Amino acid sequence: MTTTAERRTAGSDFAELNRRINAAGLLRRRPAYYAVRLSLVALALAGGWTAFFLIGSSWWTLAVAAFLAVVFAQVALVAHDLAHRQVFRTNKPSARAGLIAGNLAIGMSYGYWMDKHTKHHANPNHDDLDPDVGPGVLVWNRENARGFIAKYQAFLFFPLLTLLGISLKKDSVRALRDGTVKRRGLEATLLGVHFIGYAAALLLVLSPLQALAFFVVHQALFGVYLGLTFAPNHKGMPHPDGTEDFLRKQVLTSRNVHGGWFVDTALGGLNYQIEHHLFPAMPTPNLRKAQPLVQRYCAEIGVPYEITSLTDSYRQALRHLHEVGADLRAG
């Protein structure tokens, strides 16, 4: 076992952990895994739209809408891995595949989301630097709590998630309009192809009422599923003050979720949030193997390591949202 004095001589606490992870070979690419995963997601997406056209003008297409909501979220999780270069080692193929998955397949600007997510990883849960906890529809600290929604946001959390898919599209268009996205022309073109193709499919195949119902079911369930993959990770965890080193900043603000292969698949590996934040480029299937190494090392150096069940992670997030609005309810 490496002593504290030895770690200080060799470098930071993270440097020692990084050495152990590298020695275990957990940063190596997993091309076979991603070949299978990307193929299955692509087949599910193609299969969903094929079923949509084969069923035609029928209320049974609402079942397809629910299926495609799950598939869209899985495509988003693939885009997440591409953005972190977990799939390809270099930026060019990662960006190309990310544009196909994000802009073309699900109607989300890959460049906009990547920029936002990079800022989140650099300063998770930081009130001023993490866009995921900045003032918005939901409020994550008491200082910014204002209005009816903040007052009852714990009760409104799940209904508000139904709007997340639409919100991502709106924010993507805004980012492209404001010119804050690289490859603006290409991204706008791919996004436009998605929007036009999506609208044409619904309006040409379904009756107006069926098209509206399909859109609502699809986008609402997509938003809920996508929101539920990210909600357990940091919500209700400590907010850093900027004095923490890299390892503590990432570990103390993150929460892991246990639950076996189903949770691993449903959350796309984001349930190993601590390992993911420490090693963003680590391929998803290696996160499970890294987890016991990281947990033991944190115990060794006296850093709290949060791991809980999926339901308890949501309970903690909702409790935090409720506490943020306490002053408003008291007033």
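Predicted model: local features only at pLDDT ≥ 70, side-chain atom pairs only at ≥ 80, totals over all residues.
Biologist: Which residues in H3 are buried?

Modeller: Tyr 34, Arg 37, Val 41, Leu 45, Gly 48, Trp 49 and Phe 52. Buried means under 20% relative accessible area, exposed means over 50%, and partly exposed is in between, using a 1.4 Å probe and protein chains only.

Biologist: How far apart are the end C-alpha atoms of helix H3?

Modeller: They are 36 Å apart, which agrees with the 36 Å that 25 residues (31-55) should span at 1.5 Å a residue. The expected span is 1.5 Å times one less than the number of residues. After H3 comes Gly 56, with a positive phi near 70°.

Biologist: Let's hop to H9. Which of its residues are buried?

Modeller: In H9, Gly 165, Leu 168, Lys 169, Asp 171, Ser 172, Ala 175 and Leu 176 are buried. They cover an arc of only 165° around the axis, which puts them on the same side of H9. That arc is taken from the directions from the helix axis to the C-beta atoms. As background, an α-helix has 3.6 residues a turn, so residues three or four places apart point the same way.

Biologist: And what do the buried residues of H9 pack against?

Modeller: Their partners are helix H5 (91-106), helix H6 (110-122), helix H10 (184-205) and H11. Just after H9, Gly 179 has a positive phi of about 75°.

Biologist: You mentioned H5. Is Ala 95 buried or exposed?

Modeller: Ala 95, which sits in helix H5, is buried, at a relative accessible area of 7%. Leaving out residues up to four places away in sequence, Ala 95 touches Tyr 110 and Arg 183.

Biologist: New topic: how many salt bridges does the count come to?

Modeller: The count is 13. The rule asks for a side-chain nitrogen of Lys or Arg within 4 Å of a carboxyl oxygen of Asp or Glu.

Biologist: Which residues are linked in a network of salt bridges?

Modeller: Glu 16, Arg 19, Arg 20 and Glu 300 are linked that way. Arg 20 and Glu 16 meet at 2.8 Å, N to O, and both lie in helix H2 (residues 13-23), four residues apart, about one turn of the helix. Arg 20 also meets Glu 300, at 3.1 Å, N to O.

Biologist: Is Glu 16 buried or exposed?

Modeller: Glu 16 is buried, with a relative accessible area of 9%, whereas Arg 20 is partly exposed at 23%.

Biologist: Where does Thr 253 lie?

Modeller: Thr 253 is in the loop between helix H12 (246-252) and strand E1 (256-258). Thr 253 is buried, with a relative accessible area of 2%. Beyond residues up to four places away in sequence, its contacts include Pro 124, His 234 and Arg 248. Arg 248 in turn forms a salt bridge with Asp 245 (2.7 Å, N to O).

Biologist: Last one: which residues make the nonpolar surface patch?

Modeller: Trp 59, Ile 166, Leu 209, Leu 212, Phe 215 and Val 216 make a patch of about 570 Å². Helix H11 (residues 208-234) gives the largest share, four residues. Patches are made of residues with over 30% relative accessible area and no salt bridge, joining like charges within 9 Å and nonpolar side chains (Val, Leu, Ile, Met, Phe, Trp, Tyr) within 5 Å. The accessible areas come from the Shrake-Rupley method with a 1.4 Å probe, and for residues only the protein chains shown count as cover.

Notes. Residues numbered from 1 in each chain as written. Heavy atoms only, no water. Helix = DSSP H or I, 4+ residues; strand = E, 2+ residues; numbered from the N terminus. Contact = heavy atoms within 4.5 Å.
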